[in-house]
Amino acid sequence: MNISISQQDPVTLVAISGSVDSLSAEKLTEAFTGELNAGRVKLVADFSAVSYTSSAGLRSLLGAVKDSRRLGGDLRIAAVQPDVLRVLSLSGFTSIIKIYDDVAAAAASFGTAA
Amino acid sequence: MTPPRRSIALRGPARLEFLPSLLDAVSELCDAADADPAMRHDLRLAVEEACVNVIRHAYSEDDPGEIALDVELSAWEGRPAIRVDIHDRGRPFDPLRLATPQAGTDDVQALPLGGLGVHLMRQVTDAQTYSHAKATGNHLTLVKFLATRKGETA
């Protein structure tokens, strides 16, 4: 799994690629925590290149959603691939986390509803 | 040419570092079965969740024991399937008795961070059984009916 972070004011884009599993999820949690601790609380996770996630990845996402909302922001996800979307759906996460078709739509959502 | 393997048995330390080897075994058997991508995904997910459960909870941290995995092309209730058996000698624990976590609540902050793995494991497999015996320890069986890339849902 690789993570690349960039600022696209007013949001922080966290682009993830590969598998978010029990071996890699901690790295993702650290990335989210780093941004939140730095006061960047409007997060968009670009999932277009994420091929797989297990419950470890879901825990990382849920933790970041909780923490960001507590700080007045949110974590929103863009471009979720079918296998990953199914896992999010089976876990009930599609009703917890806001999911958008692409990064532009996820970023724009903060302009009006953050 | 070596014919595709119909079963793979693997035994090693119940540590996260061993997880890739366990998942590779599943992947290799999926190759042999010509399993379709959805089946590969679901088996990888189920086996990751089941094995991580053993790795994290079966043994005490300073005394990690073994995990054993058997994966085979098999039949279940008369239908072609891939069957995965996971054994450990840790503390008795039946994951199938865990309650399903309640997602979908309005109060995100109240949601627990754990418990999802077993739920997913059950959702993406067709049958699961658990048993425990003093002599042999925990034994979890996961079954997924075979769906091949040729589009045959067996």
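**Entry 1: an alanine in a loop.** I began with A:Ala79, which is buried, as 20 other C-beta atoms lie within 10 Å. My cut-offs: buried means 20 or more other C-beta atoms within 10 Å of the residue's own, exposed means 12 or fewer, and partly exposed is in between, with C-beta atoms placed from the backbone. A:Ala79 sits in the loop between E4 and helix H3 (82-90) of chain A. Its phi is positive, about 60°, although A:Ala79 is not a glycine. I jotted down the background: most residues other than glycine have a negative phi, and most peptide bonds are trans.

**Housekeeping.** This is a predicted model, and I used local features only at pLDDT of at least 70 and side-chain atom pairs only at pLDDT 80 or more, while totals for chains, interfaces and linings use all residues. Residues are numbered from 1 along each chain as its sequence is written, and chains are lettered from A and ligands numbered from 1 in the order in which they are written. Helices (H or I, at least four residues) and strands (E, at least two) are DSSP runs, numbered from the N terminus.

Entry 2: B:Glu77 is in the loop between strand E2 (66-76) and E3 of chain B. Is B:Glu77 buried or exposed? It is exposed, with 9 other C-beta atoms within 10 Å. Back in chain A, the peptide bond from A:Asp9 to A:Pro10 is cis, with omega near 5°. I placed A:Pro10 in the loop between strand E1 (2-8) and E2 of chain A.

**Entry 3: chain A as a whole.** I counted four helices and five strands in chain A. Their order from the N terminus is β-β-α-β-α-β-α-β-α. The radius of gyration is 12 Å, close to the 13 Å of the globule rule for 114 residues, so chain A is as compact as a globular protein of that length. (That radius is taken over C-alpha atoms, and the rule is 2.2 Å times the number of residues to the power 0.38.) The C-alpha trace spans about 30 × 25 × 20 Å along its principal axes. I get 47% of the 114 residues as buried.

**Entry 4: helix H2 of chain A.** H2(A) covers residues 55-70, which is 16 residues, and its first and last C-alpha atoms are 22 Å apart, close to the 22 Å expected at 1.5 Å a residue. (The expected span is 1.5 Å times one less than the number of residues.) How much of H2(A) is covered? Mostly: 12 of its 16 residues are buried. Those buried residues pack against E2 (11-20), H1 (25-37), E3 (42-53) and E4 (74-78) of chain A, together with H2 (37-57) and H3 (116-123) of chain B. Contact here means C-beta atoms, placed from the backbone, within 7 Å. Just after H2(A), A:Gly72 has a positive phi of about 90°.

**Entry 5: H1 against H2 in chain A.** The two helices pack at about 10°, with axes 8 Å apart. (Axes are lines fitted to C-alpha atoms, for helices over the stretch in contact, and angles run from 0 to 180 degrees between N-to-C directions.) H1(A) and H2(A) are therefore roughly parallel, a label for angles under 35 degrees. Among the contact residues I noted A:Leu28 and A:Phe32 of H1(A), and A:Gly63 and A:Ala64 of H2(A).

**Entry 6: where the chains meet.** The contact takes 21 residues from chain A and 18 from chain B. On the chain B side, H2 and H3 each supply at least two residues.

**Entry 7: chain B.** Chain B has three helices and five strands, running β-α-α-β-β-α-β-β from the N terminus. Buried residues make up 35% of its 154 residues. I then picked B:Ala81, in strand E3 (residues 79-88). B:Ala81 is buried, with 22 other C-beta atoms within 10 Å. Which residue did I pair with it? B:Leu146 is 65 residues away in sequence, yet 4.5 Å away in space, C-alpha to C-alpha. Last stop was B:Ser131 in strand E4 (residues 127-133), which counts as exposed with 11 C-beta neighbours inside 10 Å.

Methods
The expected span of a helix is 1.5 Å times one less than its number of residues. Two residues are in contact if their C-beta atoms, placed from the backbone, lie within 7 Å. Angles under 35 degrees count as roughly parallel, over 145 as roughly antiparallel, 65 to 115 as roughly perpendicular and the rest as oblique.
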